[in-house]
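I opened my notebook for a first look at this structure. Here is what I looked up, entry by entry.

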Amino acid sequence: MTDAAPDAPRPAGEPQAPPPATGSWLRDHSELGVSVLLLALGGLVLTDALTMSVEVAQRGPVGPRTVPVVVGAALVLVAVLLAVDVLRGGRGEAEGGEDVDLGEPADWRTVLLLSGVFLAAAVLIGPVGFPVAGALLFWGSAYALGSRHHGRDPLIAAGLSLATYFLFDNLLGVPLPGGPLMGVL
């Protein structure tokens with residue numbers, strides 16, 4: 001077995017060693033940013049849950065604070081565990097399953113179309129009701145993401161919106177605005 005010089009090129013089939021890590025300490029520990037974000041979010045959820053007024057809604061030992069307190073505590077715990085892992089040298093693996101060409105520019109047309117559709121649905125849900133605003137949201141999202149079936153897409157969007165409306169309004173008891181269709185539906 002012979003040792004090749006460190007600067008000698010390797011054969012095509014042999015894997016190359018990663019380049020030596022360069023950069024600042026923060027760049028090498030960038031996952032700490034996610035930990036800080038999770039810690040802040042957990043603190044916000046816990047603060048909000050512990051300061052909410054529950055006298056009217058409390059019925060038994062499990063009240064409206066229970067789930068937010070559990071979620072907030074879990075967020076804080078995950079943030080601390082992630083920070084400890086990163087400080088001990090743990091690193092997240094690069095995603096290899098994505099078929100994304102990072103050299104291509106972002107598709108701003110799609111982003112702007114989706115943003116416009118979401119904003120329009122949010123503005124229209126009060127005046128025209130959920131069935132109409134939801135159909136616009138579903139159809140507009142499908143169009144923004146590339147579907148061009150002009151006969152089929154609006155029908156599927158309307159059916160999906162009506163099914164969602166009936167599921168939430170009638171079966172789950174979550175009232176959604178019906179708009180002008182309230183008397184018809």
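I began with a definition: contact means heavy atoms within 4.5 Å. I kept in mind that this is a predicted model, where local features need pLDDT of at least 70, side-chain atom pairs count only at pLDDT 80 or more, and totals for chains, interfaces and linings use all residues. Residues are numbered from 1 along each chain as its sequence is written, and side-chain values use heavy atoms, with hydrogens and water left out.

**Entry: Glu31.** I looked up the partners of Glu31, leaving aside its neighbours within four places in sequence, and found contacts with Leu82, Val86, Arg91 and Gly92. Glu31 belongs to helix H2 (residues 31-51); helices are DSSP runs of H or I with at least four residues, strands are runs of E with at least two, and both are numbered from the N terminus. Is Glu31 buried or exposed? Glu31 is buried, because its relative accessible area is 18% (buried means under 20%, exposed over 50%, partly exposed in between, with a 1.4 Å probe and protein chains only).

**Entry: the whole chain.** I counted six helices and zero strands in the protein chain. Of its 185 residues, 18% are buried. For contacts between residues at least 6 apart in sequence, I noted that 56% join residues at least 24 apart.

**Entry: aromatic pairs.** How many aromatic pairs does a search of the whole structure find? I got two. Trp139 and Tyr143 make a stacked pair, 5.7 Å centre to centre with 25 degrees between the planes. My note on the term: rings of Phe, Tyr and Trp (its six-membered ring) pair if their centres lie within 6.5 Å, and planes under 30 degrees apart count as stacked, over 60 as edge-to-face and the rest as tilted. Both residues lie in helix H5 (residues 130-144), four residues apart, about one turn of the helix. Trp139 counts as partly exposed because its relative accessibility is 30%, and Tyr143 is partly exposed at 26%. The other pair is Tyr165 and Phe166, with centres 5.8 Å apart and planes at 65 degrees, so I wrote down edge-to-face. Tyr165 is buried, with a relative accessible area of 2%, whereas Phe166 is partly exposed at 32%.

**Entry: a charge over a ring.** I returned to Tyr143 and saw the charged end of Arg148 over its ring, 3.9 Å from the centre (NZ of Lys or CZ of Arg must be within 6 Å of the ring centre and within 35 degrees of the ring normal).
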